[in-house]
Amino acid sequence: MKTFLILSLTLLSCLFINAQEITGQWNGVLKVQGMQLRLVFHVTKTTDGFTATMDSPDQKANGIPVTKTTFENPKIKFEIAAINMEYNGELKKQEIIGVFTQNGQQFPLNLSRNTIEKTALKRPQEPAKPFPYYEEEVTFLNPKANISLAGTLTLPKKEGIYPAVILISGSGPQNRNEELMGHKPFLIISDYLTRNGIAVLRYDDRGFGNSKGDFKSATTADFATDVESVLAYLKTRKEINPKQIGLIGHSEGGIIAPIVASKSKDVNFIILLAGTGIPGNELLLLQQEKMAKVSGMPDDEIQKASAYNKKLFNLMLHSTDIEKLKSDLRTELTEIIDNDTAAKIPNGMTKEKYIDGQLNQLTSLWMLYFTKFNPATALEKVKCPVLALNGEKDVQVPPKENLTAIKNALTKAGNKKVTTIEFPKLNHLFQECKTGSPEEYATIEQTFAPVVLDEMLQWIKLQIH
């Protein structure tokens, strides 16, 4: 759900303007899906043109070399072939008015001589320090992956013995606050529960934030071992009651929590926030249909796209040879593009690069595992109490299909301690919304509906007494 821009530019310029008008520092803020990314260009004159570097302060990347520039006063065009990115602007006095494009997606980006600060987002639920509880930065080892993970442990008070929960994030690299679209849902959940007597440990995903490891090469099963290491760490803390540790997983985290609980007697309860209950390939197809529908795509185009995706997933489900799979997928994707005039390749992207990008996504270790995995196989082994929650307007993990599948799988296991709730008017992030479209996430001020926070708290209290 997040967009991270790894930018790599060099600047070579034609001399059509006074050097003093283009050299120096240019500042801008790129706004993408609720995120704000500061960019700073440093342009200097050379004997045969210009060179430049770029800083991305929010990504802690400085001195990135720029690749190519076409400058025909007042038009400026930066092209970055390696990441399929370009910037087209027009110099107007002390400002460049332009558009940033990457992988066919366009975003306004103006550059100024003056320092530009990010716009403060309205997030009324976000707590401010000092907090009325104890907070500690912690690190712990995942021995199976031989990596260290970092997180934050919050306790109602520094001294005492408390029940605890571990927060498990959704798909994509997430920090300990599960920060996305300008929201920090795990910070909200952690703050609320800790203020109400429950210890919380939230952590950066492997290879992200202060945690070590390689996120890109990991699967859902690998992330489950990270949770196992968090669980083992909490059991070493004298402040934590080892018989009252639960897991709260959001989205993919709602798949991981049952995997861990099915293997460990140390998990005393789990809460699934928009967790899935149907096989990965079925979920992705349903997700594509629901998201397309809410975006206004015509039904015939939705059906056509679904048929294409079924073919691709079918190849993935039955493949045992990765190289043959790549070849088969390339053939299928090429045929789809060549035979369907409605199939759109992003602006500025060749067919070959577009297909390469699709192949990289479809054949990643994570995608191949996720597509083939059926959450029921883990849910059918879970014996501890389970609270499964979802929003009525969730188009990423549609509630009726998934809550039903979750309950059926747990019932099959003989688990009678199951509660499922579908909250009206809530989306995948548990925000009060209008349509449920991901395009709304960043525009909604609310981060996490209070009614869901209260439901979780009251249910946890029942489990620990």
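## The chain as a whole

In this predicted model, the chain holds twelve helices and 18 strands. Its radius of gyration is 24 Å, which is close to the 23 Å that the globule rule gives for 465 residues, so the chain is as compact as a globular protein of that length. Taken along the principal axes, the box filled by the C-alpha atoms is roughly 75 × 55 × 45 Å.

Of the 465 residues, 51% count as buried, while the accessible surface of the chain comes to about 21800 Å², with 52% of this area belonging to carbon and sulfur atoms. Among contacts with a separation of 6 or more, 65% are made by residues 24 or more positions apart.

## Strand β14 and its cover

Strand β14 spans residues 199-203, and five of its five residues are buried. In a regular strand the side chains alternate between the two faces of the sheet. Both faces of β14 are covered, with Ala199, Leu201 and Tyr203 buried on one side and Val200 and Arg202 buried on the other.

## The neighbours of β14

Strand β12, residues 147-155, pairs with β14 in the antiparallel sense over four bridges, and here Thr152 stands opposite Arg202. Strand β13, residues 162-168, runs parallel to β14 and is joined to it by four bridges, with Ala164 standing opposite Ala199.

Key. Residues are numbered from 1 along each chain as its sequence is written. This is a predicted model: local features need pLDDT of at least 70, side-chain atom pairs count only at pLDDT 80 or more; totals for chains, interfaces and linings use all residues. Side-chain values use heavy atoms; hydrogens and water are left out. Buried means under 20% relative accessible area, exposed over 50%, partly exposed in between (1.4 Å probe, protein chains only). Helices (H or I, at least four residues) and strands (E, at least two) are DSSP runs, numbered from the N terminus. Two strands pair if DSSP finds at least two bridges between them. The radius of gyration is taken over C-alpha atoms; the globule rule is 2.2 Å times the number of residues to the power 0.38. Contact means heavy atoms within 4.5 Å. Accessible areas come from the Shrake-Rupley method with a 1.4 Å probe; for residues, only the protein chains shown count as cover.
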